[in-house]
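Short notes under headings will do.

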Amino acid sequence: MNLQLSRIGELTSELQLPGIDANACDLAQQAAQQEWDYLTFLEQALQCEKRSRHQRKQHMFTRMAGFPSLKTLEDFDFTFAAGVPKKQVIELASLSFIDCYCGSVLGCC
C-alpha cells in the first residue's frame, strides 16, 4: 500500500472522516483527469464526506425503525394492485405538489 494513502487513512480515522478515506483514490484520479484546482478538490472531498454521512445516518435510522424489510416504490407491483394508478403514485412520490402548495400560499405559484 502507498505510504501516503496509509497516512491519509490514519488522519481521516483520527478526524472521523471515513467518507473521504473511502473515496480518496477515486477523487485523486478524477482531480488529475479533470485538472481540478486545490479548492475544487477540497470541495469534492467534503461533498463525499457529506454524502457518506447522510447515507450512514439514513441506514442507521432505517435499522432503528425496526422495519421487517425495506420497501420502495420501485419494488411495488402495480399489476397486482390494479386500482392504483402508477402515473399518479409516481407524481405524488416526486413531492412536486409541495412546491406548488407552498408557492400558492406565498403567492408565488
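## Cysteines

The structure contains zero disulfides. The model is a predicted one.

Cys25 has a relative accessibility of 40%, so Cys25 counts as partly exposed. That value falls between the 20% limit for buried and the 50% limit for exposed. Cys48 has a relative accessibility of 10%, so Cys48 counts as buried. The cut-off that places Cys48 is under 20%. Cys48 also belongs to the largest nonpolar core.

## Overall fold

The protein has five helices and zero strands. Read from the N terminus, the order of elements is α-α-α-α-α. The helix α1 covers 3–14, α2 covers 18–34 and α3 covers 38–65. Further along, α4 covers 86–93 and α5 covers 96–106.

The protein has 109 residues, and 15% of them count as buried. Among contacts with a separation of 6 or more, 36% join residues 24 or more positions apart.

## Nonpolar core

Which residues form the largest nonpolar core? There are seven: Leu17, Ile20, Leu27, Ala31, Trp36, Ala45 and Cys48. The elements giving two or more residues to this core are α2 and α3. The largest share comes from α2, with three residues.

Ala31 is one of the core residues. Setting aside neighbours within four places in sequence, Ala31 is in contact with Trp36 and Phe41.

## Largest pocket

The largest pocket has a volume of about 360 Å³. Three helices, α1, α2 and α3, each give two or more residues to the lining.

How does the lining divide by residue class, and how many of its residues are charged? Twelve are nonpolar, three are polar and no residue is charged.

## Positive phi angles

Where does a residue other than glycine take a positive phi? Gln16 sits in the loop between α1 and α2. Its relative accessibility is 62%, so Gln16 counts as exposed. The limit for that class is over 50%.

Leu95 is another non-glycine residue with a positive phi, near 60 degrees. Leu95 is found in the loop between α4 and α5. With a relative accessible area of 45%, Leu95 is partly exposed.

Definitions and conventions. Residues are numbered from 1 along each chain as its sequence is written. This is a predicted model: local features need pLDDT of at least 70, side-chain atom pairs count only at pLDDT 80 or more; totals for chains, interfaces and linings use all residues. Side-chain values use heavy atoms; hydrogens and water are left out. On a 1 Å grid over the protein atoms alone, a cavity is a set of points where a 1.4 Å probe fits but cannot get out, and a pocket is an open set with protein on both sides within 12 Å along at least five of seven lines; lining residues have an atom within 4 Å of a point. Grid points are joined across faces, edges and corners, and a volume is the space filled by probe spheres set on the points. Helices (H or I, at least four residues) and strands (E, at least two) are DSSP runs, numbered from the N terminus. Ala, Val, Leu, Ile, Met, Phe, Trp, Tyr, Cys and Pro count as nonpolar, Asp, Glu, Lys and Arg as charged, and the others, Gly among them, as polar. A nonpolar core is a set of buried Ala, Val, Leu, Ile, Met, Phe, Trp, Tyr and Cys residues joined through side-chain atoms within 4.5 Å. Buried means under 20% relative accessible area, exposed over 50%, partly exposed in between (1.4 Å probe, protein chains only). Contact means heavy atoms within 4.5 Å. A disulfide is a pair of cysteine sulfur atoms within 2.5 Å.
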